[in-house]
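Colleague: I would like to learn how to read a few features of a model. Can we take them in turn?

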Amino acid sequence: MFNKPSVYFILGTANAGRRDPLHILGEALEGGISHFQLREKGTGALTGQALKDFALQCQKLCRARNVPFIVNDDVALACDINADGIHVGQEDADAAAVKKRIGKNMILGVSVHSVEEAENAIKNGADYLGMGPVYGTKSKSDAKEPSGVTKILKVRERFPDTPVIGIGGITSLNAGPVWDAGAEGVAVISAIAESDNAEQEVKHILNAYKGGS
Ligand code: 3NM
């Protein structure tokens, strides 16, 4: 499901600034992202039909590139539009209940911040873990203290078979240690969304992978 190095791009309309989010997504797909997550949060977030329409447009772009389209938190939307996956945090819906609802055909991602949370997420059927924040982030107001790659190393050692995606403050300049710690992928919002050229930024992040572990 994740071929290392994977760049997992996350975006909501609030992260796009003045740019067209669909244009940013198009550029990021061109640059070679492996996964896309729609994370529509914050003030002015789309809801209802507008959210569904936007999600369908994102999904169409992803499908054209064969890139899995994952919905953050909104299980009903993910099921309604037949998304490839759903991602939930610790504060969102119970992962085991979500897994039961989506069955085996949809990917389940779970955000974790400790080895214990990772263990529970795997028990509940998580197909991959989002582990963070690695570095300081301004994209999540209630983010925990950054812990560098320490926790990724621990989870990688304990659960070698579950893909781990590092998240939080990752850019082309600091992605190297995340790859080196054993993460299959890096999840990125601002470094890509706020770049003038999302395609180049994705390529730079991929270039930070020097092979090996
Ligand atoms: N989850 P950026 S950190 C959505 O620690 C999210 O679970 C986190 O955005 C976690 O790449 C984060 O702009 C924000 O730092 C990542």
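Modeller: Start with the ground rules. This is a predicted model: local features need pLDDT of at least 70, side-chain atom pairs count only at pLDDT 80 or more, and totals for chains, interfaces and linings use all residues. Residues are numbered from 1 along each chain as its sequence is written.

Colleague: Which residues are buried in helix α9?

Modeller: A residue is buried if 20 or more other C-beta atoms, placed from the backbone, lie within 10 Å of its own, exposed if 12 or fewer, and partly exposed in between. Helices are DSSP runs of H or I, at least four residues; strands are runs of E, at least two; both are numbered from the N terminus. In α9, residues 198-207, the buried ones are A198, E201, V202 and I205. Their directions from the helix axis to the C-beta atoms fall within an arc of 100°, so they line one face of α9.

Colleague: Why would such a spacing give one face?

Modeller: An α-helix has 3.6 residues a turn, so residues three or four places apart point the same way.

Colleague: What covers the buried residues of α9?

Modeller: The cover includes β1 (6-11), α1 (21-31), β8 (185-188) and α8 (190-193).

Colleague: Where does UniProt place a "binding site"?

Modeller: One such feature, from an unreviewed entry, is at D73 and D92. UniProt positions use the numbering here, feature names are shortened, and annotations may be inferred rather than shown by experiment. D73 lies in the loop between β3 and α3. D92 is in the loop between β4 (85-88) and α4 (95-102).

Colleague: Is D73 buried or partly exposed?

Modeller: Partly exposed, with 19 other C-beta atoms within 10 Å. D92 is partly exposed too, with 16. Contact means C-beta atoms, placed from the backbone, within 7 Å. Leaving aside neighbours within four places in sequence, D73 contacts V88 and D92. D74 is buried, with 23 other C-beta atoms within 10 Å.

Colleague: How many residues surround the ligand?

Modeller: Count a residue if its C-beta atom, placed from the backbone, lies within 6 Å. That gives 16; the closest are G132, T137, S139, I189 and S190. The shell has seven nonpolar, eight polar and one charged. Here Ala, Val, Leu, Ile, Met, Phe, Trp, Tyr, Cys and Pro are nonpolar, Asp, Glu, Lys and Arg charged, and the others, Gly among them, polar.

Note on methods:
Contact = placed C-beta atoms within 7 Å.
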